[in-house]
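Biologist: I am new to this structure, and I would like to go through the words used for it one by one. Please set each value beside its definition before you conclude anything.

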Amino acid sequence: MPDKFELAKSNRSTCKKCKEKIMKDVVRFGEESVFVRDGNEIRSFRWYHFDCALDKFKERVLEVEEGNELLNEEQRKELADMRNKLGASEFDFKSIADLSGDEGIANIKGSILRVMNPRDLTNTKGEVQTGRIVYVEDAHGNRGKAVVFSDLDLKKGSPILMVNCHVRLGGDDKAEVVEGPKTKIYFDESKVNVTVTTKYISQAWERPKNIFCVFEIAPTSRASCVICEERITKGDLKLIKAVWGENEKTKAKYPRKNSYHPICALEDDDAAEFIYEAVTRLSPDFISENLDELNIFKSKIKNLTREYELLSNLIE
Ligand SMILES: [Zn+2]
Ligand SMILES: [Zn+2]
């Protein structure tokens, strides 16, 4: 009984965020809560208006599998847009001129137009550090500012690619990128080892296009593996396959995520395709945090040549 959407059965529930009543027959989000009474596990729901739930815990709402078919078109579109954004940001290189100040982290690409002399600049921790301002020009001649702290040989005219850089509003109210602790800077596109892949969406089975096959760390122990039907333990590496679910009563289709133990995923009919898609969506942070499990997984997929080679490229 994980989180779900449902139509409010009466006027009696109160939204736990805004404290207003939720009217009968309006879609409400149920946050599953589990407590133990007299040694028994008791499950119940805390209810929220759709918008209030999105405000409070977007990620959790995006994960809901039950009741998606009850949402209206506008609500579905809102969720789809959010999923698209989440899925699209990691490896995409942008032009520095296309960034906005609320981007957070981004990967940028351009060429070095001009390098200023070293001076005191604010780093991503808010401390003053000696660095250089670099003017970067994109392919269309638009310019933006990058702040580089590493002692690198920055040559005018050279390509520059910054991966995982911080984006903030500069003094001129334009977005600028800043080298942070996790930023990697490259001068040659072929050396950029996090972009060995463009992200891939498999067309091998009927599937929704706005959710993706990914590796994930199980956020709870609630999901069961589709193959072995055992629970997947919280904190373990799992694989998600994007599929259409079907409401038993209404036969309405809704996008859902099936969970697999990584090893069990090899038993799926579309194993190679969906594992490939998930591998193309691995981020550098996720890889470094789950290196051991990914290495074990890699050793199990030696017969899937394409997937094995891609994963090997990423984790070496
Ligand atoms: Zn509310
Ligand atoms: Zn399993």
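Modeller: Let me begin with a definition: a nonpolar core is a set of buried Ala, Val, Leu, Ile, Met, Phe, Trp, Tyr and Cys residues joined through C-beta atoms within 7 Å, and a residue is buried if 20 or more other C-beta atoms lie within 10 Å of its own, exposed if 12 or fewer, and partly exposed in between, with the C-beta atoms placed from the backbone. This is a predicted model, in which local features need pLDDT of at least 70 and side-chain atom pairs count only at pLDDT 80 or more, while totals for chains, interfaces and linings use all residues. Residues are numbered from 1 along each chain as its sequence is written, and chains are lettered from A and ligands numbered from 1 in the order in which they are written.

Biologist: What makes up the secondary structure of the protein chain?

Modeller: The protein chain has eight helices and 14 strands, where helices (H or I, at least four residues) and strands (E, at least two) are DSSP runs numbered from the N terminus. The C-alpha trace spans about 65 × 55 × 40 Å along its principal axes, and 26% of the 316 residues are buried.

Biologist: Which residues have the most contacts inside the largest nonpolar core?

Modeller: The largest nonpolar core has 26 residues, and those with the most contacts inside it are Cys213, Val214, Leu239, Ile275, Ala278 and Val279. Two or more residues come from each of β12 (214–217), β13 (237–246), α5 (271–280), α7 (291–300) and α8 (305–315), and α5 gives the most, with six residues. Another core lies apart from it, with 17 residues, among them Ala106, Ile160, Val177 and Val178.

Biologist: What is Cys213 in contact with, leaving aside its neighbours within four places in sequence?

Modeller: Two residues are in contact if their C-beta atoms, placed from the backbone, lie within 7 Å, and on that basis Cys213 is in contact with Ser202, Ile240, Lys241, Ala242, Phe274, Glu277 and Ala278.

Biologist: How do you know that α5 is mostly covered?

Modeller: Nine of the 10 residues of α5 are buried, namely Ala271, Glu273, Phe274, Ile275, Tyr276, Glu277, Ala278, Val279 and Thr280. What covers these buried residues includes β12, β13, α4 and α8.

Biologist: Why are α5 and α8 called roughly parallel?

Modeller: Their axes come within 9 Å and cross at roughly 15°; axes are lines fitted to C-alpha atoms, for helices over the stretch in contact, and angles run from 0 to 180 degrees between N-to-C directions. Angles under 35 degrees count as roughly parallel, over 145 as roughly antiparallel, 65 to 115 as roughly perpendicular and the rest as oblique, and α5 and α8 are therefore roughly parallel to each other. The contact is made by Ala272, Ile275, Tyr276 and Val279 of α5 and Arg306, Glu307, Leu310, Leu311 and Leu314 of α8.

Biologist: And why are α7 and α8 called roughly antiparallel?

Modeller: α7 and α8 pack at an angle of about 155°, with their axes 10 Å apart, and this angle makes them roughly antiparallel to each other. In this pair, Leu291, Leu294, Asn295 and Lys298 of α7 meet Tyr308, Leu311, Ser312 and Ile315 of α8.

Biologist: Why is Asp268 called partly exposed?

Modeller: Asp268 has 18 other C-beta atoms within 10 Å, and is therefore partly exposed. Asp268 is found in the loop between α4 (262–265) and α5, and, not counting residues up to four places away in sequence, Asp268 touches Ile227, Lys241, Tyr260 and Phe274. Glu267 is found in the loop between α4 and α5, and with 13 other C-beta atoms within 10 Å Glu267 is partly exposed.

Biologist: What makes Lys19 exposed?

Modeller: Lys19 has 8 other C-beta atoms within 10 Å, and is therefore exposed; its place is in the loop between β1 (4–7) and β2 (27–37). Lys19 has a positive phi of about 70° although it is not a glycine.

Biologist: How do you know that Asp38 counts as exposed?

Modeller: Asp38 has 5 C-beta neighbours inside 10 Å, and so counts as exposed. Asp38 lies in the loop between β2 and β3 (40–49), and has a positive phi of about 50° although it is not a glycine. Most residues other than glycine have a negative phi.
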